[in-house]
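Below is a walk through one structure, taking its aromatic rings and then one of its helices. Please keep the sequence and the model in view while reading.

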Amino acid sequence: MSKKRVCIIGAGIAGLSTAYAFLAKHHQNVDVTIVSKDFEENTTSWVAAGVQGAVDTEKKLEWARKTKRFLLKLLNSGKGEECGIYWSLGYKIYVDCVKDFRKTFQNDIIKELTKEEVENIFPHFEFSQFKSAYLINALFCNPMVFLPYLHKQIQDMGGKFIQKEIHDISELHEFDCIVNCAGLGARNLVKDDTLHAVRGQVTHVKAPSTHFWYELSDEIYGFPSTNGEFKVGGCYQLDNTSIEVDEHMKYEMLSNAYKLHPTLRSCTVIKDYVGLRPYRVDGPRVELEKMVINNRTVNVVHNYGHGARGWSLFWGCSNQAVDLGLTALLCKTSNL
């Protein structure tokens, strides 16, 4: 039987993990090509913190659990450094609402903290509002390490890469299965008006001795990385599509970071990053669609719209996308 031709649109974490999932168990049945306008450092996935965070629905929790198991399998097999996977202690603090996320958080909650304990830990930061806080051991995956790792794995398994912007799915009519992992690009590609840009901005500083992380909101957070850098954020700006660095926002982010992590004051600022998260009103779209292209029925699997939780959901979503594609192509499902 000749191999089925599979095309993945997009080279962020959704696209690369979908290509990897196809090839890891089914390379004998499929030829995989990734077509994308941008790769690695030019993708939104590159900018992300890579933390396994809380999710808000049972479906997302199912995807998140599969993702955590996949990352832990790599970590426990001795590939943590190669893949940029690590555990890190930190503080999740809610300043405006009380949340009990024990059922939806994919990390180890060490203990709940009182306001007095939090103020002792962060004596230079004024908590005008405080609702709840937790000490957490969180699982991270460094995008700047893991994306190149996936890229190489895909190449080694015979996957091909083409740098090209796709404006219409009909451009890929020769493929047997197309997987739409275009992120925010899916808004125009498949005319999805429920997809919105959510702007994020972070500043990386050189801080090899800074280990614990903090997160107070979508606007105030800081996460350590495996390369001796510390990511200071951030923002969550709905429908803001600017990719220019906001200098005033950068000043506010660093000011908060210096109060929460005073050792950062002496650290060197390395680089600023801006990314546009693909937020979808109804949540991630992972489904099969039969499209007629040039009088030929083509299987199109959608895997986009993960918002700020792409790194928490990627493996669960990618495996479902692969199952949908294989069911349509080969009448079988994967057991990755």
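In this predicted model, a search of the whole structure finds 20 aromatic pairs. One of them joins Phe140 and Trp213, whose ring centres are 6.2 Å apart; their planes stand at 65 degrees, and since an angle over 60 counts as edge-to-face, that is how the pair is classed. Phe140 belongs to strand 5 (residues 132-141) and Trp213 to strand 9 (residues 213-215), so the contact ties together parts that are 73 residues apart in sequence. Phe140 and Trp213 are both buried.

Another pair is made by Trp311 and Phe314. Here the ring centres are 5.7 Å apart and the planes lie at 70 degrees, so this pair is also edge-to-face. Trp311 and Phe314 sit in helix 8 (residues 310-330), three residues apart, which is about one turn of the helix. Both of these residues are buried. Trp311 and Phe314 also belong to an aromatic cluster, together with Tyr20, Phe70, Phe146, Tyr149 and Trp315.

Helix 3 (residues 58-83) has 26 residues, yet its end C-alpha atoms are only 28 Å apart, while a straight helix would reach 38 Å at 1.5 Å a residue. Where does helix 3 bend? The bend is at Ser77, and its angle is about 100 degrees. After helix 3 comes Gly84, which has a positive phi, near 75 degrees.

Note on methods
Residues numbered from 1 in each chain as written. Predicted model: local features only at pLDDT ≥ 70, side-chain atom pairs only at ≥ 80, totals over all residues. Heavy atoms only, no water. Phe/Tyr/Trp six-rings, centres within 6.5 Å; stacked < 30°, edge-to-face > 60°. Helix = DSSP H or I, 4+ residues; strand = E, 2+ residues; numbered from the N terminus. Buried < 20%, exposed > 50% of the residue type's maximum accessible area, 1.4 Å probe, protein only. Expected span 1.5 Å × (residues − 1). Bend = angle between axes of the 7 residues up to and from the residue.
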